[in-house]
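Dear colleague,

Please find below the structure that I promised to hand over. My notes on its sheets and helices follow.

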Protein chains: 2
Amino acid sequence: MGDTDTLLGRLIEALRCLPGVGPKSAQRMALHLLERDREGGLELSAVLSDAMERIGRCVECRDLTEHERCAICANPRRDRSLLCVVESPVDVLAIEQATAYGGTYFVLLGRLSPLDGIGPAELGLDELEKRLDEQAPREMIIATNPTVEGEATAFYLNRLAESRGITVSRIAHGVPLGGELEYIDQSTLAHAFGSRQAFSSG
Amino acid sequence: MGDTDTLLGRLIEALRCLPGVGPKSAQRMALHLLERDREGGLELSAVLSDAMERIGRCVECRDLTEHERCAICANPRRDRSLLCVVESPVDVLAIEQATAYGGTYFVLLGRLSPLDGIGPAELGLDELEKRLDEQAPREMIIATNPTVEGEATAFYLNRLAESRGITVSRIAHGVPLGGELEYIDQSTLAHAFGSRQAFSSG
């Protein structure tokens, strides 16, 4: 029964394509859906096939969308003079949810990692260059993750924009709000110390 | 974009019907499928709808199956004089994978819990009684979980079988193999101590 001869076994096996789902969680998910939420399972099946077939990339920012242009690029009220470069669609979601940012995005869908065969072409950096040339944004905000690859990507992005005379900024890194110094890792603390700013009482 | 206006937002929302999947994991799953495993996503969608529509309960043991009888009940080589009563289909999977048990099962799909409205009828205990009367197994093995409700269920099951003169056994509870006494909870240790058995050197 745990094998793939049965439909239940095949369902458990198929659920394992989800990241972080091992044999035990897959069993639990399959039984939960079958015993308590068949409607949810059918709904998930329908949305899943729809999404896998119809979601592509926005022609302008490369974000995932089922339309030609994503909702942000299609919105005429977004400020095209601000361009925020992120690694992944989840970063767009996170920034949209947390901030009042009203500009546009460019989604790399990855980061420079030559050893894994991910170079400028894979990240669509030629498209980004075209966009920088055509739209000439006032400011490019680099919001790649503060990892080694993310930093290398940021360095590369900075060169692209600087050579065109575009202001480049990078989101601030340091101790998170609510974080306690004693639990912060050493490199973050060292960075936060080095990047200290004049105290503003406003 | 995190809302349900977009197909991506709807996919993230739909994935949350899976147990243990919160907003962040759902995002990660959706993006993983879209960026790296569309084929797996389509396969999951197909198996999911198939399973939700076709899987029902075995007429004999109440286990989940897409056939009238599950693979175990349909197998003429399984010993019908042994009947193991478990709470859930996962318990059948676990026993089949770990042991060489060759008998049959009865799956309660729950445990007695009057406060939640789960009584003997919800667990199909009338069907179990009919089966005990018709097939008159030699031994009934109770393998409900050692929780309060599982124990109450075991007590009830024991009465059903004893009144018909059927031998009743219960799987052993105690310190797990490889477990260390100092890390075992007190009630398990007390139970293991109370249920000690004569040392056999075979």
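In chain A of this predicted model, four strands form an open sheet in the order E4-E3-E5-E6, with parallel pairing. Neighbouring strands are turned by 25° against each other on average, direction ignored; axes are lines fitted to C-alpha atoms, for helices over the stretch in contact, and angles run from 0 to 180 degrees between N-to-C directions.

Helix H4 (residues 89-98) of chain A packs on this sheet, touching strand E3 (79-86) and E4 of chain A, where contact means heavy atoms within 4.5 Å. The direction of H4 makes about 160° with that of E4(A). Strand E5 (residues 139-142) of chain A runs parallel to E6(A), joined by four bridges; Ile141(A) lies opposite Ser169(A).

In chain B, an open sheet has the order E4-E3-E5-E6. Five bridges link strand E3 (residues 79-86) of chain B to E4(B), and Val86(B) has Val107(B) as its bridge partner.

Residues are numbered from 1 along each chain as its sequence is written, and chains are lettered from A and ligands numbered from 1 in the order written. Local features need pLDDT of at least 70, side-chain atom pairs count only at pLDDT 80 or more, totals for chains, interfaces and linings use all residues, and side-chain values use heavy atoms, leaving out hydrogens and water.

Yours sincerely

Terms used. Pairing = 2+ DSSP bridges. Helix = DSSP H or I, 4+ residues; strand = E, 2+ residues; numbered from the N terminus.
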